[in-house]
Amino acid sequence: MQRAFQSAKIGNIPLKNRFFRSATHDYFANPDGSFSERQVDITEELAKHRVGAIITAITAIRADGISIENQNRLDDDMYIESLQKLCDATHRHGSKVFVQLAHGGAKSLLEADSMIYSPSTIQLYEDMATTEMSVKDIALIIEDFVNAAWRAKLAKADGVQLHAAHGYLLSQFISFVSNTRTDEYGGSASNRFRIVKEIIERIVKEVDFPVILKLNSNLLRGNHFIEKENETYLADLIEMIKEAKSAGCIAVELSGTGFQQLSHITHPYFIHQAIEVKKLVDIPVILVGGIRNTKHIQQVMDANIDFVSMSRPFICEPDLVDKFKAGQFKARCILCNQCFVLPTTKDRRCVFHK
Ligand SMILES: Cc1cc2nc3c(=O)[nH]c(=O)nc-3n(C[C@H](O)[C@H](O)[C@H](O)COP(=O)(O)O)c2cc1C
């Protein structure tokens with residue numbers, strides 16, 4: 001347990017401890033997509049209370065990739081100034097910031113007649129299908145990820161996280177359920193991972209900036225987990241993580257789908273997959289999902305997993321790291337998932353905390 005509170009490094013970046021705040025959309029971006037004072041305050045409060053590294057809310061690399069209301073954007077230089085305020089406020093307390101970059105793909109919020117990108121055509125609703133991206137579309141998206149990483153660097157962030165989990169564009173490419181392409185961006189695990197690998201390589205080489213990757217450690221077909229498919233998916237994931245490492249990625253954060261439905265926690269949701277990854281790939285692993293008490297943190301540390309990451313508990317208690325250090329056993333978060341609803345209806349983030 002003590003190990004979690006000790007200083008560590010991710011890539012060449014020193015961290016004051018092994019706690020991450022996982023990317024958390026707060027619905028409080030300014031209407032133009034810039035980072036608001038309220039977002040700066042939320043992040044600074046976490047940093048003040050010793051969260052070692054903070055991953056921002058999902059940030060769109062392109063206007064047509066916005067996937068949720070009131071989202072932050074980094075598709076124009078005009079966003080650099082407000083992001084730098086957030087980075088400066090975090091750095092004042094010795095914590096690090098990684099900007100989470102994403103394109104929504106088939107999950108983008110667009111009008112009925114707009115072009116909705118995805119690796120393969122997906123029938124979203126009866127009257128609305130997505131458009132399979134051409135190789136030229138893919139090249140343009142890669143370019144936009146790289147440009148957004150440049151802006152994050154200019155804003156003095158410590159690195160970026162590519163969001164390749166939770167069903168957004170990059171995870172649509174990775175999954176053999178949503179990617180049925182037959183060209184070099186579909187088919188084998190290596191082909192399905194190609195877009196992500198090309199983004200990592202270009203950010204590392206051209207921007208010279210650290211990249212973390214967020215991945216699903218499980219696979220959902222419709223609303224079902226199919227055991228055999230999940231075994232195949234995990235084997236593919238190991239190969240993809242090896243490729244991410246060789247492209248220069250400094251760490252992977254393992255998440256998964258279906259976390260909102262898991263109300264009873266016996267252990268961190270995706271710890272078994274994280275253990276498997278640690279066995280087979282020499283790369284730092286950040287584990288997120290269902291970490292709620294010091295016993296869970298101990299389980300993560302005992303499994304030689306490198307970092308613990310939390311989202312909902314920090315919405316409820318931004319000072320949770322301090323409380324754990326002072327001896328509190330468990331987080332107050334009751335997994336009510338109101339943090340997805342309250343900011344849009346009641347201007348607060350948690351039933352227990354404004
Ligand atoms: C309100 C809310 C917003 C979230 N926003 C994001 C996001 O912007 N990007 C992302 O990758 N995950 C997001 N997540 C998922 C978390 O990062 C995390 O993977 C998930 O909540 C499981 O961790 P937990 O059990 O510690 O909450 C969000 C979760 C919540 C509750």
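**Terms and their grounds**

Modeller: Strand β12 and strand β13 (residues 211–216) run parallel and are joined by five bridges. Helices (H or I, at least four residues) and strands (E, at least two) are DSSP runs, numbered from the N terminus. Residues are numbered from 1 along each chain as its sequence is written. The model is predicted: local features need pLDDT of at least 70 and side-chain atom pairs pLDDT 80 or more, while totals for chains, interfaces and linings use all residues.

Colleague: Why is β12 called mostly covered?

Modeller: A residue is buried if 20 or more other C-beta atoms, placed from the backbone, lie within 10 Å of its own, exposed if 12 or fewer, and partly exposed in between. In β12 (residues 159–164), six of six residues are buried. Gly159, Gln161 and His163 point one way, and Val160, Leu162 and Ala164 the other.

Colleague: What makes a residue a contact of leucine 287?

Modeller: Two residues are in contact if their C-beta atoms, placed from the backbone, lie within 7 Å. Residues up to four places away in sequence are not counted, and those that leucine 287 touches include Leu254, Phe270 and Val308.

Note on methods: Two strands pair if DSSP finds at least two bridges between them.
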